[in-house]
Structures are given as C-alpha cells and as structure tokens.
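Try each task before reading its solution.

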Amino acid sequence: MKLAMATRNPAKLREIEPLFRDTPIRLATLADLDVEQRPEEEHLEAFNSFAQNALAKAEYFHDRTGLPMMAEDSGIRVDALNGEPGPRSKRFAPPEMQAEYGVDRANNLYLLRQIRDVADEQRTAHFHCAVAVVLDQESRVFGGRVDGVILYEPRGESGFGYDPLFYLPERGITTAELTVEQKNEISHRGQAMRAARDWLLEYLGA
Ligand code: IMP
C-alpha cells in the first residue's frame with residue numbers, strides 16, 4: 001500500500017520512515033509525489049488542537065491527491081506558559097528573530113527568555129503529537145505525549161526544534177541526545193505513529 005505523508009519537514013520524515021520500514025506500507029512524501037506547495041497550506045493549522053490540525057491537513061492533501069494520506073501535527077506545551085506555544089510551536093519566536101537566528105534556534109532562545117525567571121520545579125513541559133490517517137472510506141486520529149523539563153541552555157546535537165532544551169529527568173539527557181531509534185521508542189511522534197501504523201496494518205489485514 002502506498003501511503004502519502006503530508007509533511008515538508010525533513011527532520012520529521014527522518015523519524016517517521018524507520019517506523020514503516022518493515023511493513024508493506026510504502027511512504028511517499030509530498031515532494032516524491034510532486035505536490036506543489038501552495039500559499040493556502042500555511043493556513044491549514046488554524047486550530048488550538050493538534051488533532052484538528054492533523055485531520056485538516058490530511059483531509060486537504062487527500063482531497064488534492066486522492067491518495068491514502070497521513071498527516072501529523074506536533075508541538076510543545078509549557079506549563080509555566082499555560083500550555084503555550086502548543087500548535088503554534090513552529091511560529092513561537094517573532095519573525096524577525098527567526099530570520100536572524102533560524103527557526104529552531106530562535107524558538108529555543110525565545111522560550112528560554114519567556115521562562116527566564118521560572119524555578120526548576122515549574123519548568124515542566126510536554127511534547128504532543130497527533131497523527132491523522134484519511135482513507136477514502138475512513139479517517140482516524142492517534143495521539144502521543146512525552147513529559148519533560150525545560151533546561152536553562154541547549155544540550156545535544158540530534159533531533160530538531162525544542163529537542164536540545166527538552167530534558168528527560170528519568171534518563172538524565174535531552175531528546176537531542178537520543179538516536180532516532182531511541183527517540184522513537186519514547187517520543188510523542190513515535191507513540192502516535194506506531195498507533196497509526198498498527199491500525200493501518202490491521203485495516204489492511206497485513
Ligand atoms: P508543525 O507540526 O510543523 O507545526 O511543527 C511543530 C513544531 O513543534 C516544530 O517546528 C518544533 O518546533 C516543535 N516540535 C514538534 N515535535 C518536536 C520534536 O520531536 N522535538 C522538538 N521539537 C518538536
């Protein structure tokens with residue numbers, strides 16, 4: 001079965017691809033399918049809900065391509081910021097800052113600034129991921145979540161986004177210090193993707 005993955009983010013694809021490697025499901029990206037980027041795509045993630053955003057994205061690209069489509073929406077919720085930035089995680093730092101430092105670095109700097117005065121025990125945060133699968137006759141949304149603490153400075157070189165600041169107290173490392181395989185075992189994206197994959201395999205009778 002060919003399953004299209006509605007993301008243009010190469011860092012996410014690097015994490016998703018290994019989860020489908022030993023299955024009959026072949027992932028095709030929007031780039032593989034020559035699905036041209038349109039300005040309206042910017043507005044697909046309009047909800048304050050990962051699940052609604054993932055479903056909107058999967059439905060939109062399913063309509064455009066007619067293919068079985070999977071989409072995900074993810075982000076970080078920081079307790080000291082009342083759950084912000086949530087689904088706005090990619091657009092958290094102001095555009096000028098993102099232009100100056102690059103998106104991920106700007107977001108990390110901005111987050112550190114926002115919680116500068118927050119004490120250790122209140123620096124808790126959660127990564128969330130929703131994965132939506134839209135087929136011709138069925139659609140489903142799966143979720144995953146991982147809990148951590150925001151450090152005072154970045155640590156680690158792998159991963160992307162807020163990984164260098166996201167500390168796992170029980171392991172004593174950040175998610176940027178995990179390999180792709182280790183991160184997938186515990187991550188919000190790993191949990192939601194595995195649930196989507198297993199549902200699809202059952203649906204296909206594979
Ligand atoms: P979107 O789902 O493309 O809107 O972007 C999600 C944003 O949330 C990313 O740009 C990151 O800033 C953040 N994010 C989501 N998942 C992760 C993760 O696994 N590690 C670090 N940051 C993440």
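**Exercise 1. Find which elements each supply at least two residues of the shell around the ligand.**

Solution. Start with the elements: strand 3 and helix 6 (188–204) each supply at least two shell residues. Helices (H or I, at least four residues) and strands (E, at least two) are DSSP runs, numbered from the N terminus. Next, look at strand 3, which gives the most to the shell, with four residues.

A word on the model: it is predicted, so local features need pLDDT of at least 70 and side-chain atom pairs count only at pLDDT 80 or more, while totals for chains, interfaces and linings use all residues. Residues are numbered from 1 along each chain as its sequence is written, and side-chain values use heavy atoms, with hydrogens and water left out.

**Exercise 2. Describe the residues that surround the ligand.**

Solution. First, count them: 16 residues surround the ligand, each with a heavy atom within 4 Å of it. The closest are K12, E45, D163, K183 and R189. Then sort the shell by type: three residues are nonpolar, five polar and eight charged. Here Ala, Val, Leu, Ile, Met, Phe, Trp, Tyr, Cys and Pro count as nonpolar, Asp, Glu, Lys and Arg as charged, and the others, Gly among them, as polar.

**Exercise 3. Locate polar atoms of D73, Y162 and H188 that lie 3.1 Å from ligand atoms, and find how much of the ligand the protein covers.**

Solution. Begin with the side chains: a polar atom of D73 lies 3.1 Å from a ligand oxygen, and a polar side-chain atom of H188 is also 3.1 Å from an oxygen atom of the ligand. Now turn to the backbone, where a polar atom of Y162 lies 3.1 Å from a ligand nitrogen. Finally, take the cover: of the 490 Å² of accessible area that the ligand has on its own, the protein covers 98% (Shrake-Rupley method, 1.4 Å probe).

**Exercise 4. Examine the backbone at D34, N82 and P85.**

Solution. Take phi first: D34 has a positive value near 55° although D34 is not glycine, and N82 likewise has phi near 55°. Then check exposure (over 50% relative accessible area, 1.4 Å probe, protein chains only): D34 is exposed at 70%, and N82 is exposed at 75%. Last, find the cis peptide bond joining E84 and P85, with omega about -5°; P85 lies in strand 4 (residues 84–86).

Key
Buried means under 20% relative accessible area, exposed over 50%, partly exposed in between (1.4 Å probe, protein chains only). A residue is near a molecule or strand if one of its heavy atoms lies within 4 Å of it. A polar contact is a pair of N or O atoms within 3.5 Å; within protein, one must be able to donate a hydrogen and the other to accept it, and residues adjacent in sequence count only if both atoms are side-chain atoms.
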